[in-house]
Amino acid sequence: MYIYIYLSTKSICYHVAHIEGNKHFLLYDSASASDSASASASASASGNKKRMNMFTAINSAMHNVFETDNKAILLGEDVAFGGVFRCSLDLRNKYGDKRVFNTPLCEQGIIGFAIGLAENGFTTIAEIQFGDYIFPAFDQIVNDVCKYRYRSGSSFDLGNLTIRSTWGAVGHGGLYHSQSPEAFFAHASGIKIIIPSDAYKAKGLLISAIKDKNPCLFFEPKALYRASISDVPVEAYELPLGKADIIKQGSDITLLTWGSLVHKIKTAADILSEKHGIDCEVIDLQTIIPWDVETVQQSVKKTGRLLISHEAQMTNGFGAEIAAKIQERCFFDLHAPIKRVCGYDTPFPHVYEPFYMPDEHKIVYEVQKMMDAE
Amino acid sequence: MAVAIAAGRVWRPNRGLSQAAVLLLWRPGARGLARSHRHRQQQQFSSLDDKPQFPGASAEFIDKLEFIQPNVISGIPIYRVMDRQGQIINPSEDPHLPKEKVLKLYKSMTLLNTMDRILYESQRQGRISFYMTNYGEEGTHVGSAAALDNTDLVFGQYREAGVLMYRDYPLELFMAQCYGNISDLGKGRQMPVHYGCKERHFVTISSPLATQIPQAVGAAYAAKRANANRVVICYFGEGAASEGDAHAGFNFAATLECPIIFFCRNNGYAISTPTSEQYRGDGIAARGPGYGIMSIRVDGNDVFAVYNATKEARRRAVAENQPFLIEAMTYRIGHHSTSDDSSAYRSVDEVNYWDKQDHPISRLRHYLLSQGWWDEEQEKAWRKQSRKKVMEAFEQAERKPKPNPNLLFSDVYQEMPAQLRKQQESLARHLQTYGEHYPLEHFDK
């Protein structure tokens, strides 16, 4: 049974997630940051936390940054009124229209303009409303953002630039509101790509990305904007970029993913543990490039098996790079070939989404096959 | 009435003038459209007045079906100060630049011309891999550069070396970039003529066309926010103006009210593509008003016209925080680059006309001569001296090694990522065994 939940902001209605039978993907509730290994990262000294969903956490991150850095600027389509996903609520009210403003509807212009701003001393946050629409800016990102420092011999650089965009399946987005474009950009060195999997990580990783001395591309899983709720410190804190997060230790197989699928893979790990006695190690990659090869390698050396999952299509998805690198590093430790459970090689379909998406059932099935492989 | 009720407001008549009269009397200037739009949003809705209420346009109704004819027969006129013989046409437009400044303009153009000849030849001899000359367009570079402050930020396309020349970028550094030697500020990463100089406020050139246009707009916004009393100038050719980034840049500059000068060098060709195949409207200047941008077309081979237009554009852009578009008409006398032979698509006669009859350097020289500030003796001496300077820098640049191959790997990120360091180490190991197959003797140890 599928039930769609409608939520409205002013006149905008959009679906958030679908409820399937008794099991719901609606709420991913990380009770507190102490659940994950990343708790050791700097949290606020006062310990003052609030229950926040991901868009509130992202909003909070930007408020923190704007408060202390008067050169911070946010620009993009519809950011002035609060953003179509409410990530920029109250920023313009508090910080004014010279720091938070709408741009014309032109992604190549947004990124081009943001480059000029960032290069001239402003902490620039450029928002691309949907990752599906980032492609007009592909040239500016690949040919300019990624190469600015290298081609000028470090005379000029874009450390001040952060690009935020939405990402991933949302239940009904179809071809153009569901894409995960990280693989396209992972092929261009010079930028960092980050994808958080919950509200707590979103805030910490976003602040790190903004402060990082390299340009960053921060993809926000729109399905998690409301669905992921964590205890999030009110003050600013940073989580390290380039580090994967082992969210569950295990010994039989390494399950690796990022973004919204982290939750389905956790569910799969629970099923495998309860019903099949298989002990999974679950890793949230967090940073796509530069990715944490060491953590994944160590894990696979221990377990001998790796299953990678991502929403983007199988062929040339980022899982291919991980598989190639890990087989090179861990070939003699592997008990089974590395497996990828991904979207099919099709554009992202609308009514067929439940069949297209990698889910815990496909993962459970493939893991069992891999355990039987030897 | 339904509209008024929906708006939740009660209609009140304006005192005195009706709304229509107010709009008719008020002629929006280039930014008036923006202002009138905001004005519109504050007006109260009324269905008793039969006036357009659309938020998208500030205009009256018309009941006659009429398409606007684009004016391509007689386009926007071309502003000039000197005739082709270097004589001032309208004395009130003479900028009366002092002798030293005019000599600097002349020497910058001629030094550039000399450097172009030598470096073009050096590519033909296999000494550098590639080169682009500036023949015929020197006036657009120095005329505009002379009208700017030294700290104004410059974004170029690739045919604006004269701007750097005017800003006293040393020959040594021009050559270093073309040779990619250890003195190159860009560390040998790019093809020749991709100059950059932070100290002289000249952003590093990149090959993709027009990407610099929206970037320049963002930089101008930054200058406005910083109250820097600084303008940004962005150069591009008429071909690059066809790119989407040009449209993006113009629109952003106007809507976000940025102090920027868009400087289009319309030189007649984009490689082999003539302007008749590049656009059907009246060049690039005619596009400006469509975006709400103050625009002008100038004779790009007339240094004083370029100077006057840029000077005034700069003054107003900074004072009023709005963009200006200057389309400088000129002619590309040289080939597109060393990879091009333009005799394949244009006649030698056409090129000779511009070289002999309408050249920015000749026109300025005539002016100098008529002022008594220059003569044949000085011309001969300067030609000899400039050639000597260029040759010296050239020989020095040739002798220097390229940077160490380790520099292939740095500056991708601020810090070198672990995987990249591994790749760097693997190349180093490879060279230890197979080094003889690589041109290591030309590279710094």
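Trainee: Does A:Arg149 count as buried or exposed, and at what relative accessibility?

Mentor: Buried means under 20% relative accessible area, exposed over 50%, and partly exposed in between, with a 1.4 Å probe and protein chains only. At 12% relative accessibility, A:Arg149 therefore counts as buried. Keep in mind that this is a predicted model, where local features need pLDDT of at least 70 and side-chain atom pairs count only at pLDDT 80 or more, while totals for chains, interfaces and linings use all residues. Residues are numbered from 1 along each chain as its sequence is written, chains are lettered from A and ligands numbered from 1 in the order in which they are written, and side-chain values use heavy atoms, with hydrogens and water left out.

Trainee: Which residue forms a salt bridge with A:Arg149?

Mentor: Side chains of opposite charge can pair when their charged atoms come close. A salt bridge here is a side-chain nitrogen of Lys or Arg within 4 Å of a carboxyl oxygen of Asp or Glu. For A:Arg149 the partner is A:Asp157, with the closest N and O atoms 3.6 Å apart. A:Asp157 counts as partly exposed, because its relative accessibility is 27%.

Trainee: How are B:Glu379 and B:Arg383 placed in helix H14 of chain B?

Mentor: Helices (H or I, at least four residues) and strands (E, at least two) are DSSP runs, numbered from the N terminus. B:Glu379 and B:Arg383 are four residues apart in H14, so about one helical turn separates them. Their side chains meet in a salt bridge at 2.8 Å, N to O. B:Glu379 is buried, with a relative accessible area of 5%, whereas B:Arg383 is exposed at 52%.

Trainee: What area do chain A and chain B bury between them?

Mentor: Buried area is the accessible area (1.4 Å probe) that two parts lose on being put together, summed over both. Chains A and B bury about 3600 Å² between them, 58% of it on carbon and sulfur atoms. A:Phe113, A:Tyr150 and A:Arg151 supply 20% of the area that chain A buries against chain B, more than any other three residues. Contact means heavy atoms within 4.5 Å, and the contact takes 46 residues from chain A and 45 residues from chain B.

Trainee: At what angle do helices H3 and H4 of chain A pack?

Mentor: Axes are lines fitted to C-alpha atoms, for helices over the stretch in contact, and angles run from 0 to 180 degrees between N-to-C directions. H3 (residues 107–119) and H4 (residues 138–145) of chain A pack at about 30°, with their axes 8 Å apart. The contact is made by A:Gln108, A:Ile111, A:Gly112 and A:Ile115 of H3(A) with A:Gln140, A:Ile141, A:Asp144 and A:Val145 of H4(A).

Trainee: Where is there a cis peptide bond?

Mentor: Most residues other than glycine have a negative phi, and most peptide bonds are trans. A cis bond joins A:Ile289 and A:Pro290, with omega about -5°. A:Pro290 lies in the loop between strand S16 (287–289) and helix H10 (293–303) of chain A.

Trainee: Which loop holds B:Asp411?

Mentor: B:Asp411 lies between helix H14 (376–399) and helix H15 (418–434) of chain B. B:Asp411 has a positive phi of about 70° although it is not a glycine, and at 10% relative accessibility it counts as buried.
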